[in-house]
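Let's take a walk through a protein model together. Have the sequence and the 3D view ready, and follow along as we go.

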Amino acid sequence: MRRVRTAAPHLPGWVAAWMGLGGQTPQADEAGHRHATWLELFLDLIFVYALAAVVRRLGDDPSPSPTAVLAVIGLFVVVQWAWMGQVYYDTRFDPDDALHRLLVLVALVGAGAMTLGVDEVPESVLLPVGYLIVRGVLLLLYLRARPTSAMARMVTTVYLIGFGSGWLIWLASLAAPTELRPVLWVVAMVIELATPWVGVRWLNNWPVDNRHLPERIGQFTIIVLGSALASLLFAVPDHPPPHMILTAAMAFLIPAAVWWVYTTFVTTRLLQSRLRGGQAYSYLHIPLGGALLLLGWALGQVVRLVDDNATHLPLELRLLLGASMVVWTACGLALYWLWTRPSAARLAIAAYGVVSVSVITTAVHRPRLMLALLAAAVVGYAVLLSRRLARAGEANRTPEG
């Protein structure tokens, strides 16, 4: 059930009127479903650049070190978690009044600082300062919502204690030696990530909006896929010859197949009645999104190597490519498992995806051949899975859906 708060501290009426910001709540469609607001979409914009900055950390070396890959994964988690915090607030408390807009615009400044600080972390303090601003705004929003109802007090208590503890550790990291900062950040993130699970008993009493949350997380996933496509397109040379156009087209088939499967899953709304607090659904999108970000970078490197007439793909690149595809497949199976126990056919499709990708990326060294075989395997997986998802959606559809 959707719950919109009705009263909270707000700007004086004359201030809001002077700024042209009258109080309002997000508009619903004819069926009463809440969709993303213009403010939410504006917030997404800065995270497009943040993701681009994260993936740039890998550079153009086709043999990335494990340390570099782990750093990118960690930064991605920080960026996605900063974005996700606002989404969870909006799915329960969603006024679009003047004070709310101003606070979110402050959070946008913080997100911008995070984006600028990604390249120089951990030496620069821009990343932690930006994160402190984003999460500080979130804490203020929860404090603002706290007095609106008994349910709001229960939910906000969970978040204020857990997220507030993490915020204080991020703040302490500003005074810590450079080499110690990442350790404190990891500790703070563990506390914040654990908070919704520790408080699951209370948070599930106020279920998330089962249309709004999947829509918003889906929009972020599309942003990640867009970043993956950008990594791929930037690898194509200017005025490409025909063989490079064909290579880029084969590489494009892989994220296109990922998009096809994901949108098929989301539009079937299999999990609509099972989201509750949304913890499992949203947390599975963290490794899923990280895998897609690395997938795009890896495909871009394969295209570059083809352009350089390379005859052999580095082992590190092949392992990264295969691992990202396997993680995506596993997360897809886990999301399906949230709805129902997978049948033998669904498990067989997942096994086909994992085995085919693993064999191709480990056994085939030649760039063009590996890319062609991988594209064929992933497209085949997408066709099989999409057909099964479509049938499951038809069987699960209610008269309302």
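Are Y89 and Y142 buried or exposed? Keep in mind that you're looking at a predicted model. In it, Y89 is buried, and Y142 is buried too.

Now for aromatic rings. Searching the whole structure turns up 16 aromatic pairs. Take W81 and Y283: their ring centres sit 5.7 Å apart and their planes meet at 80°, and planes over 60 degrees apart count as edge-to-face, so that's what we call this pair. W81 belongs to helix α3 (residues 66–92) and Y283 to helix α11 (residues 279–307), so the pair ties together parts that are 202 residues apart in sequence. Both W81 and Y283 are buried.

Back to Y89 and Y142, which make an edge-to-face pair as well, with 5.4 Å from centre to centre and 75° between the planes. Y89 is in helix α3 and Y142 in helix α5, 53 residues apart, and this pair links distant parts of the chain.

Next, let's see how α5 (residues 126–145) packs with helix α4 (residues 98–117): their axes come within 6 Å and cross at roughly 160°. Angles over 145 degrees count as roughly antiparallel, so α4 is roughly antiparallel to α5. The crossing is left-handed. Residues that meet here include L99, L103 and M114 from α4, and L127, Y131 and R144 from α5. Sorted by class, this contact has 17 nonpolar, 4 polar and 1 charged residues.

Notes: Residues numbered from 1 in each chain as written. Predicted model: local features only at pLDDT ≥ 70, side-chain atom pairs only at ≥ 80, totals over all residues. Heavy atoms only, no water. Axes fitted to C-alpha atoms, helices over the stretch in contact; angles between N-to-C directions. Helix = DSSP H or I, 4+ residues; strand = E, 2+ residues; numbered from the N terminus. Parallel < 35°, antiparallel > 145°, perpendicular 65-115°, else oblique. Left-handed = near helix turned anticlockwise from the far one by under 90°. Contact = heavy atoms within 4.5 Å. Nonpolar A, V, L, I, M, F, W, Y, C, P; charged D, E, K, R; others polar. Phe/Tyr/Trp six-rings, centres within 6.5 Å; stacked < 30°, edge-to-face > 60°. Buried < 20%, exposed > 50% of the residue type's maximum accessible area, 1.4 Å probe, protein only.
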